[in-house]
Structures are given as C-alpha cells and as structure tokens.
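Student: I'd like to go through this protein with you. Can we take the labels one by one and check each against its rule?

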Amino acid sequence: RNAVYLWRAAEQSELLGSLLGAAAESGKAEQLLLQATSLFEAALRADAEFVALDELARYKAWENLVLLHMPNQEQLALRWFRLAQASGYPWRDPLQLPYQRMYHPLFAARPFWSCADAAYLNEICKFLEAQYPVIREDKDLERALAQSSGSDLISLTDS
C-alpha cells in the first residue's frame with residue numbers, strides 16, 4: 001500500500017465531503033467524510049510500515065482524524081489525539097493545530113510594517129499608493145466600512 005496515495009485520496013474525500021456538507025446532499029457528505037477517516041487511518045498505517053509521508057502530511061492526517069471524529073465520536077477523536085501524542089507530536093490540546101513549526105514563542109508580532117522592511121512590501125506599497133485615489137473614490141467600500149461593526153469579519157485560513 002502506498003501511504004502517499006492513500007493520504008491524497010483521504011484529502012480529496014475530506015475536501016469533497018466538506019464542500020458537500022453545506023449542500024443538500026449531506027448523506028453523501030457523511031459518506032465521503034467517513035471514507036476520508038478510513039483513508040487517513042490507512043495512510044498512517046502504511047506510513048508506519050514504510051515511511052513515505054513528510055512531517056506536514058503526518059500532522060494533517062492526525063489533525064483530520066481528530067477533527068473529523070470530534071463531532072460524533074469524541075472518544076475516538078481523543079484516542080487518535082492520544083496516539084498522535086504518543087507518537088511524539090507536541091500536541092497539547094485536541095482543538096489546537098498540531099503543527100509545531102507554526103508555533104514560535106520568540107516570534108515578535110508587529111502591528112504595522114514599514115514599506116522598507118522587505119522588497120515585496122515595497123512593491124505592494126507602491127501599487128497601493130498608486131491606487132489610493134481610485135480606492136478613495138469607491139463609495140460602496142466607504143459605505144461597507146462605515147456599516148461594519150468588526151464582528152462580522154470572517155477569517156478563512158488554510159491549515
């Protein structure tokens with residue numbers, strides 16, 4: 001069995017199941033998500049026999065197994081969480097992402113960046129500064145910003 005092939009199939013099943021979940025075909029979505037959990041499990045088993053997955057793929061498999069089981073089978077999700085921890089992953093809470101390289105305790109966040117901080121920021125600044133008159137004239141944007149309370153913002157991030 002090929003761990004990479006199983007992992008990719010699991011990823012696609014999870015993606016399709018998640019997309020269909022919002023649609024009327026929720027029965028099909030549940031089938032796809034169940035299939036995804038089986039494929040992620042098989043991928044991790046195959047990877048244990050012959051290491052083929054990279055670190056991030058393993059993290060994603062553990063994460064998906066926990067998150068996909070959490071709504072209906074919390075005990076099974078917690079079992080997968082404990083297995084991930086026993087495998088050496090520094091994952092402290094099942095509702096967190098298990099990516100250790102995304103956690104940098106000494107990383108200093110900056111609320112504002114200068115255009116001179118990086119070459120790509122300089123290019124972005126030049127572009128936005130050139131577009132400022134156009135942006136300023138956009139009355140729809142001005143109206144939307146005036147009506148926004150800040151609590152209606154949606155953050156869509158890829159993990």
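Student: What order do the elements of the protein run in from the N terminus on?
Tutor: They run α-α-α-α-α-α, with 6 helices and 0 strands in the protein. Helices (H or I, at least four residues) and strands (E, at least two) are DSSP runs, numbered from the N terminus. This is a predicted model, where local features need pLDDT of at least 70, side-chain atom pairs count only at pLDDT 80 or more, and totals for chains, interfaces and linings use all residues. Residues are numbered from 1 along each chain as its sequence is written, and side-chain values use heavy atoms, with hydrogens and water left out.

Student: Why is the pair of Trp62 and Trp80 called tilted?
Tutor: Rings of Phe, Tyr and Trp (its six-membered ring) pair if their centres lie within 6.5 Å; planes under 30 degrees apart are stacked, over 60 edge-to-face, and the rest tilted. Here the centres are 5.8 Å apart and the planes at 55°, so tilted it is. Trp62 lies in helix α3 and Trp80 in helix α4, so the pair ties together parts 18 residues apart in sequence.

Student: What makes Arg79 count as sitting over the ring of Trp80?
Tutor: The rule wants NZ of Lys or CZ of Arg within 6 Å of the ring centre and within 35 degrees of the ring normal. The charged end of Arg79 is 5.3 Å from the centre of the Trp80 ring, and it sits over that ring.
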